[in-house]
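Please examine the sequence and the structure shown below.

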Amino acid sequence: MQVNSYLYVLMIVCSGLTLCVPTGNQTGLGSGNEVPPLLLVSFDGFRADYLNNYSFPNLEKFFSDGVLVHELTNVFTTKTFPNHYSLVTGLYAESHGMLANVMYDSVSNKTFSIKNDSDPFWWDEATPIWVSVEESGYKAAAAMWPGTDVSIQNHTLKHKFKYNPKMTFQNRLGNLTQWMTEDRSVKFSTLYWEEPDRSGHMYGPDNTTEMSRVLKEVDGHIGFLMEQLNRTGLWGKINVIITSDHGMTQCSQERVIKLDDCIHPSSYRVVDLTPVGAVIPLGDNSTVYKNLSRCHPHMKVYLKDEVPDRLHYKNNARIQPIILVADEGWTIVKNGRLPRLGDHGYDNTFPSMHPFLAAHGPAFRKGYKMSSLNSVDLYPLMCHLLGIPPKPNNGSFTYVRCALVNEQCGQLALAVGIVIGVLIILTTFTCLFKLMKNRDVSSSRPFARLELEEDDDDVPLLE
Ligand code: AMP
Ligand code: ZN
Ligand code: ZN
């Protein structure tokens with residue numbers, strides 16, 4: 001009887017729950033069944049807290065009618081190529097293989113660098129979303145997003161440019177909007193812009209004069225983006241995500257770690273140097289490791305197998321035998337002076353390494369703010385928006401779905417709360433009921449016995 005009533009209550013609550021789970025179409029479309037195009041924009045090195053410390057009238061206009069995620073937890077190493085590839089694959093660096101801006105593969109003896117990045121070998125461990133989009137029968141277009149000018153998984157984009165840092169923002173966007181308006185099958189576009197990263201490196205993020213100049217320029221580009229989408233009839237009809245790959249922190253000549261002071265230059269080779277060093281010992285491994293471990297209190301030294309799990313940075317053949325990680329704001333050099341006033345690449349738990357995210361369009365809530373998300377969650381979100389099946393990834397749709405207008409995640413949480421609440425109340429009542437029943441039974445027996453005893457006692461007296 002009790003089990004039945006539990007089941008009955010559960011059935012009622014669960015039917016309420018299904019009413020709260022996403023309704024309407026799953027792709028966040030407006031009317032009809034057509035998938036709205038998605039434009040993904042990255043302003044390189046846009047640190048999350050620039051939003052608190054500088055003025056962004058255009059960006060504020062953009063997210064006041066959309067979604068703002070104050071902080072994205074990105075992936076280690078917090079460099080440009082690893083993070084841009086994570087955004088479009090939903091994978092940590094050890095899983096997609098784009099581990100740093102400079103890499104070496106000892107088996108093939110190949111080297112990767114920003115200036116030598118077009119060998120598919122480095123990209124083929126993952127499938128970026130633009131490949132999946134085209135495999136699903138749509139088209140994709142790209143303006144300079146890292147990897148979009150490379151043939152990945154034997155797939156070359158038709159609508160793309162060979163990387164050219166001199167091409168203006170207006171020109172990059174102009175081509176994308178032309179492709180999107182002329183060809184309705186273009187459903188996914190990516191746009192990359194080099195600032196504020198370039199100025200952050202050159203002047204350091206603490207240089208408020210230079211940073212306010214470049215951030216005003218970036219905000220101007222966002223204003224141009226909204227105007228251009230309006231002019232071409234795309235504003236409000238397409239989904240737009242503006243985000244970045246990482247933040248930036250101030251460096252100083254006072255915070256330099258010189259490897260050659262600690263270890264003989266001929267005993268090691270560095271593949272990548274700062275703030276994450278990738279070291280190949282040339283002599284005895286343990287001596288090189290020992291010397292580096294004692295080198296500087298502001299530099300952590302890991303054997304490849306001992307890199308903390310939370311960094312997701314050990315399970316890949318391209319990771320070198322010894323990894324150095326500088327503390328925030330410290331710079332590793334072989335010898336010599338500080339190479340740049342601002343840098344990134346540090347541990348991805350530092351807020352200074354985090355970017356932000358803003359979104360606008362028919363699929364997104366309006367005036368909605370979220371404190372944080374993982375950057376790998378963007379991939380399942382984008383697959384959902386485009387209605388394409390996601391490849392295996394490290395992201396999750398659970399939290400990111402709250403940004404969507406058709407996903408009532410708050411109500412789902414409420415419904416789960418109601419189920420738990422009802423169960424607690426039922427359990428409490430059942431326990432109380434049992435307790436009272438037991439009391440009745442146990443208290444009636446001694447009383448009866450006492451009466452009998454009294455009767456016994458009374459008998460001789462009466463006689
Ligand atoms: P970093 O700040 O060292 O992580 O890298 C940023 C730099 O990467 C930018 O200043 C660009 O010069 C370079 N970069 C960005 N996108 C591309 C690309 N698609 N191809 C080649 N280099 C790129
Ligand atoms: Zn970058
Ligand atoms: Zn940079």
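I319 is located in the loop that lies between β12 (299-303) and β13 (322-326). The model in which this residue is seen is a predicted one. Is I319 buried or exposed? Its relative accessible area is 5%, and because buried means under 20% relative accessible area, I319 counts as buried. Leaving aside residues up to four places away in sequence, I319 touches L99, K304, Y313 and K314. A further comparison concerns M103: I319 and M103 are 216 residues apart in sequence, yet their C-alpha atoms are 8.2 Å apart in space.

Strands of a sheet pair through backbone hydrogen bonds, either parallel or antiparallel. Here β12 and β13 run antiparallel and are joined by five bridges. In one of these pairings, K300 has V325 in β13 as its bridge partner. Both strands belong to an open sheet of four strands, with the order β10-β11-β13-β12 and antiparallel pairing. Which strands stand at the edges? They are β10 (268-272) and β12; each has a single partner strand, so one side of each is left without a neighbour in the sheet. From one strand to the next, the twist averages 25°. Helix α10, formed by residues 285-293, lies across β10, β11 (276-281), β12 and β13.

The cysteines come next. A disulfide is a covalent bond between the sulfur atoms of two cysteines. How many disulfides does a search of the whole structure find? The search finds two. One is formed by C262 and C295, whose sulfur atoms are 2.0 Å apart. The link of C262 and C295 is right-handed, with 65° about the S-S bond. C262 lies in the loop between β9 (256-258) and β10, while C295 lies in the loop between α10 and β12, so the pair ties together parts that are 33 residues apart in sequence. C262 counts as partly exposed at 23% relative accessibility, whereas C295 is buried, with a relative accessible area of 14%.

C402 and C409 also form a disulfide, and their sulfur atoms are 2.3 Å apart. The torsion about the S-S bond of C402 and C409 is about 130°, so this disulfide is right-handed. C402 counts as buried at 12% relative accessibility, and C409 counts as buried at 11%. When the bonded cysteines of the protein chain are numbered in sequence order, the pairing is 1-2, 3-4. Two further cysteines may be considered for their burial: C251 is buried, with a relative accessible area of 3%, and C383 counts as buried at 1% relative accessibility.

The final topic is empty space. Rolling a probe the size of a water molecule over the atoms shows where empty space is left. The largest pocket holds about 840 Å³ of space. It is lined by 32 residues, of which F81, N101, I114, Y163 and Y192 are the closest to its centre. Which elements give two or more residues to the lining of the largest pocket? These are α4 (80-89) and α8 (197-203). The largest share of the lining, four residues, comes from α8.

Definitions and conventions: Residues are numbered from 1 along each chain as its sequence is written. Chains are lettered from A and ligands numbered from 1 in the order in which they are written. This is a predicted model: local features need pLDDT of at least 70, side-chain atom pairs count only at pLDDT 80 or more; totals for chains, interfaces and linings use all residues. Side-chain values use heavy atoms; hydrogens and water are left out. Buried means under 20% relative accessible area, exposed over 50%, partly exposed in between (1.4 Å probe, protein chains only). Contact means heavy atoms within 4.5 Å. Two strands pair if DSSP finds at least two bridges between them. Axes are lines fitted to C-alpha atoms, for helices over the stretch in contact, and angles run from 0 to 180 degrees between N-to-C directions. A disulfide is a pair of cysteine sulfur atoms within 2.5 Å. On a 1 Å grid over the protein atoms alone, a cavity is a set of points where a 1.4 Å probe fits but cannot get out, and a pocket is an open set with protein on both sides within 12 Å along at least five of seven lines; lining residues have an atom within 4 Å of a point. Grid points are joined across faces, edges and corners, and a volume is the space filled by probe spheres set on the points.
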